[in-house]
Every structure is written in structure tokens, then in C-alpha cells.
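Subject: Structure handover

Hello,

Here is the structure we discussed, with notes on what turned up in it. Please keep the model open while you read.

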Amino acid sequence: MTDEVTIRELNGLDEMLSIYPVFRQGNSHLDEAAFRERLSAMLAQGSYRCIAAYIGDRLVGLSGFWTGIQLWCGKYIEADHVVVDTTLRSLGTGTKLMAWIEAEGERTGCAVFRIAMVLGKERTRQFYARNGFFDDGLLMVKALSRGAAEFPEYVSRPAEPGLRV
């Protein structure tokens with residue numbers, strides 16, 4: 001087995017489902033049935049794509065991504081869940097995944113490449129900063145009733161009496 005990392009795009013639900021064991025390393029709250037359901041729904045929207053990194057035949061990393069258009073920036077590309085096998089981190093695999101997506105954004109005429117990440121994950125923030133990303137916004141989240149169990153940290157709390165924002 002060579003140590004060369006190769007990136008390839010996965011096509012169709014069956015190929016994309018093969019990423020679950022590595023995906024789960026960074027997302028242990030999501031069981032395989034929910035993963036399949038969400039992935040199917042994302043594919044049905046039409047703009048979701050997925051790439052995987054391999055050393056030989058071994059899956060060592062992955063990222064989903066999609067393109068869209070917003071008023072503020074025009075066409076954009078956005079990475080979704082860059083995950084590298086926990087036993088092989090810090091070897092440049094994540095950087096290669098990000099470079100592949102960036103090149104695809106350039107190829108398809110995107111104006112910006114964006115990523116959303118959870119606050120408080122300093123190692124993740126440092127990774128993205130090393131890859132040329134800037135802190136330029138804040139994504140605010142509020143759990144709705146359907147998401148409250150999965151995301152209790154985003155459930156609104158009643159304001160303290162007398163506290164006004």
C-alpha cells in the first residue's frame with residue numbers, strides 16, 4: 001500500500017453510504033439509519049456532492065459539499081463535514097480535501113468558498129485558518145421542537161427576569 005492520498009468524487013447513494021464508518025468518528029450522535037435518511041434527502045435537493053480520500057483502497061477522509069447562490073456573494077461552494085480518520089490526522093489529508101473543493105469552486109465559477117463550524121472547536125478553527133479561511137461571521141442557531149433532543153445546547157432558555165437584550 002502506498003502512502004499517496006488520492007481524492008475521488010463519490011457518485012450515488014450507495015457509494016456515499018460507504019463513508020459512514022469514518023464519518024461516524026467525527027459525528028458519533030448520528031446513527032446509520034439517520035445518516036442514510038439525511039444523505040438521501042440532501043441528494044434529492046440536487047446540489048449535494050461528496051468526495052473521499054484514499055490511501056490505496058483504505059478510506060481515510062471525506063467531505064460533502066454543495067454550491068448555492070446568495071445575494072451577498074453570488075455563487076458559493078461550501079464544505080460540509082470534513083472528517084479525517086482519527087488514526088491518520090495531521091498528515092495533510094484534510095488540506096487535500098479542501099484543495100479539491102476549492103479547485104471545484106474555481107472550476108464552476110464560485111465567488112467564495114465557505115465553511116460553517118461549531119464554536120469552541122479550536123483545533124478545527126486552526127485547521128481552517130491554516131487553509132486560508134477567515135472568521136467573518138457568526139452562525140446563530142435555535143433548535144426547533146424536532147431538533148431539541150439532538151441539539152439541547154441550542155434550545156432557547158427563558159430570559160432572566162429584568163434582563164433585556
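Contact below means heavy atoms within 4.5 Å. This is a predicted model, in which local features need pLDDT of at least 70 and side-chain atom pairs count only at pLDDT 80 or more, while totals for chains, interfaces and linings use all residues. Residues are numbered from 1 along each chain as its sequence is written, and side-chain values use heavy atoms, with hydrogens and water left out.

Glu15 and its surroundings

Leaving aside residues up to four places away in sequence, Glu15 touches Arg8, Glu9 and Leu10. With Arg8 there is also a polar contact, side chain to side chain, at 3.4 Å. A polar contact is a pair of N or O atoms within 3.5 Å; within protein, one must be able to donate a hydrogen and the other to accept it, and residues adjacent in sequence count only if both atoms are side-chain atoms.

Glu15 sits in helix α1, residues 12–17. Helices (H or I, at least four residues) and strands (E, at least two) are DSSP runs, numbered from the N terminus. Glu15 is partly exposed, at 31% relative accessible area. On this scale buried means under 20%, exposed over 50%, and partly exposed in between (1.4 Å probe, protein chains only). From Glu15 to Cys73 the C-alpha to C-alpha distance is 32 Å, with 58 residues of sequence separation.

Two strands pair if DSSP finds at least two bridges between them. Strand β2 (residues 48–55) pairs with strand β3 (residues 58–70) in the antiparallel sense, over 8 bridges. Within that pairing, Ile51 has Ser63 of β3 as its bridge partner. The hairpin of β2 and β3 has 2 residues between the strands, and Gly56 in this hairpin takes a positive phi near 65°.

β3 also pairs with β4, again antiparallel, over 9 bridges. Here Ile69 is bridged to Lys75 in β4.

Which residue of strand β4 is worth a look here? His81, in β4 (residues 74–84), has a positive phi of about 60° although it is not a glycine. His81 is partly exposed, at 38% relative accessibility.

Ser90 is another non-glycine residue with a positive phi, near 70°. Ser90 lies in the loop between β4 and α4 (93–107) and is exposed, with a relative accessible area of 67%.

Regards
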